[in-house]
Amino acid sequence: MKTKSFYAHNIALFALYILGTSIFLLPSANSGKYTVLAFLIVSLLSVLTFLILSFLTEKIFFSKIKWIKILYFLRCSYLSFSILSYTAFDFLRLVKSVILPNLALFVSAILLFVLAFYFFKKRQEDILKFFLLGFIVSFGIIIFFAIALSFHFDFKNLYISSLPSIKELYRETLPYFSKITLPLLLLPLYNLFVFKERRTKEGILGVSIGVLLLGVCISLPILVFGIKLSGEYTYPLSKAVSILSIGRLFTRTDGIFYLLCFITSLSKISISAFILKQSLKKLDNLLN
């Protein structure tokens, strides 16, 4: 693949990966009155983490020290498999709980597997093109929801009356850390596998846009319901979207939300599966 091409595609794919399943799972049940502050801290930490790892990953990727590369690709294989598994599980749980409750779970799982396998077999050029279009659609949906729900906003819900203790802040950052920062550890490796260079600038832009859009999606249910009530819902943004009724044509906008969840979840599954495959190939070459 030409290293100077797919600039916008790379940014779009990274942004979708950050959104992933976080778009419908956060804020979590553990969210308290400092959840917005916790998200901001984790978002900044995530961008800085990607910046540092972008350089470190390149050093390891092209290193001549065999045992370091073996340990690194073992870790990446395990992490990518874990992310792939829980992303698929989270999305299937959404399908079973909200989207298609009457459809047997194994049927949804088979359909997701077939679709994911199809993307798994495609070239990364095709994947990047598809998810650039997916990002444009997702961006439009998020902006649409932000505008449509703005009539229900209460900005007092974002007000923080006092500073949190270290223990409170730590507890509230954990869900964001596990859903945003931890999966982000794989992204620098994606660019090295696909483009043979780190492409740090594009990565930073993609991650930054992703956390910005995720921040909008997390803020929407908080602005509508408040932090406490949002944390009690299993799928906060889904609940916020369900209150919308726009004219006779769009009496419910849930379907648009489900499309958004599908695109973002599929992007995370696709990247994780690709990195798992390439990491295992690297391990095979190193061990044989």
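Which residue forms a salt bridge with Glu-202? The partner is Arg-199, and the closest N and O atoms are 2.9 Å apart. This is a predicted model.

**Salt bridges**

Both members of that pair are out of the solvent's reach by the accessibility rule. Glu-202 has a relative accessible area of 8%, so Glu-202 counts as buried, the cut-off being under 20%. Arg-199 is also buried, at 7% relative accessibility. Elsewhere, salt bridges with shared partners join Asp-90, Arg-93 and Lys-179 into one network. The count for the model comes to 5 salt bridges. Three of them are set out here.

| Pair | Closest N to O distance |
|---|---|
| Asp-90 and Lys-179 | 2.8 Å |
| Glu-202 and Arg-199 | 2.9 Å |

Arg-198 is partly exposed, at 26% relative accessibility.

Now the salt bridge between Asp-90 and Lys-179. Asp-90 is in helix α4 (residues 66–99) and Lys-179 is in helix α7 (residues 166–184), so the pair ties together parts 89 residues apart in sequence. Asp-90 is buried, with a relative accessible area of 5%. Lys-179 is buried too, at 16%.

**The largest pocket**

What is the volume of the largest pocket? The value is about 250 Å³. Which helix gives the largest share of the lining? That is α5, with 6 residues. Helices α4, α5 (105–121) and α12 (254–287) each supply at least two lining residues.

By class, the lining has 12 nonpolar residues, with no polar and no charged ones. Leucines in the lining include Leu-84, Leu-92, Leu-112 and Leu-276. Phenylalanines among the lining residues include Phe-113, Phe-117 and Phe-120. Ala-88, Ala-109, Ala-116 and Ala-273 also line the pocket, as does Ile-269.

Notes. Residues are numbered from 1 along each chain as its sequence is written. This is a predicted model: local features need pLDDT of at least 70, side-chain atom pairs count only at pLDDT 80 or more; totals for chains, interfaces and linings use all residues. Side-chain values use heavy atoms; hydrogens and water are left out. A salt bridge is a side-chain nitrogen of Lys or Arg within 4 Å of a carboxyl oxygen of Asp or Glu. Buried means under 20% relative accessible area, exposed over 50%, partly exposed in between (1.4 Å probe, protein chains only). Helices (H or I, at least four residues) and strands (E, at least two) are DSSP runs, numbered from the N terminus. On a 1 Å grid over the protein atoms alone, a cavity is a set of points where a 1.4 Å probe fits but cannot get out, and a pocket is an open set with protein on both sides within 12 Å along at least five of seven lines; lining residues have an atom within 4 Å of a point. Grid points are joined across faces, edges and corners, and a volume is the space filled by probe spheres set on the points. Ala, Val, Leu, Ile, Met, Phe, Trp, Tyr, Cys and Pro count as nonpolar, Asp, Glu, Lys and Arg as charged, and the others, Gly among them, as polar.
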